Amino acid sequence: MRQCLHCSNKVIGRTDKKFCSAGCRSTYHNELRNGKALERYQLMLNRQLLRFMRTSSSQKEPTLALGALKSLGFNPDVCTSQREYQGVLYQYCFEMAYAVKENKLILLD
Ligand SMILES: [Zn+2]
């Protein structure tokens with residue numbers, strides 16, 4: 001399956017097509033120009049690792065040592081948004097939320 005270079009969604013159509021939509025194509029090229037491509041790459045990697053945590057665990061809120069995740073390339077500082085609530089920093093990677101506590105990453109339900 002071919003994946004969109006910007007959002008990783010499935011690409012349908014011509015075999016040389018690289019993006020799922022015109023919007024993804026222009027955002028991708030804008031980010032390349034703005035030097036944001038590396039940040040985007042890290043976000044996509046973070047998302048894949050968090051998705052893997054979600055699908056490979058039967059726990060409601062899977063928890064992993066932060067060091068183990070970092071050794072796979074995860075960077076907890078790169079996220080799509082974050083907010084602090086009652087002294088806990090909640091970070092978001094697209095649709096997934098997580099919190100780091102005592103060197104462990106907790107993937108929130
Ligand atoms: Zn796309």
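**Entry 1: the model.** I note at the outset that I am working with a predicted model.

**Entry 2: strands β3 and β4.** I began with strand β3, which covers residues 88-93, and strand β4, which covers residues 96-101. I found that the two pair in the antiparallel sense, over 3 bridges. I turned next to the hairpin of β3 and β4, where 2 residues lie between the strands. In this hairpin I recorded a positive phi near 55° for F94.

**Entry 3: strands β4 and β5.** I followed the chain to strand β5, residues 104-108. Strand β5 pairs with β4 in the antiparallel sense, and I noted 5 bridges for this pairing. Across it, I found K101 opposite K104 in β5. The hairpin of β4 and β5 has 2 residues between the strands, and here I recorded that E102 takes a positive phi near 50°.

**Entry 4: residue K104.** Is K104 buried, exposed or partly exposed? I classed K104 as partly exposed because it has 14 C-beta neighbours inside 10 Å, whereas a buried residue would need 20 or more and an exposed one 12 or fewer. Which residues does K104 touch, leaving aside those up to four places away in sequence? I listed T63, L64, A65 and L66. Finally, I checked K104 against R51, which is 53 residues away along the chain. I noted a separation of 17 Å between the C-alpha atoms of K104 and R51.

Conventions
Residues numbered from 1 in each chain as written. Predicted model: local features only at pLDDT ≥ 70, side-chain atom pairs only at ≥ 80, totals over all residues. Pairing = 2+ DSSP bridges. Helix = DSSP H or I, 4+ residues; strand = E, 2+ residues; numbered from the N terminus. Contact = placed C-beta atoms within 7 Å.
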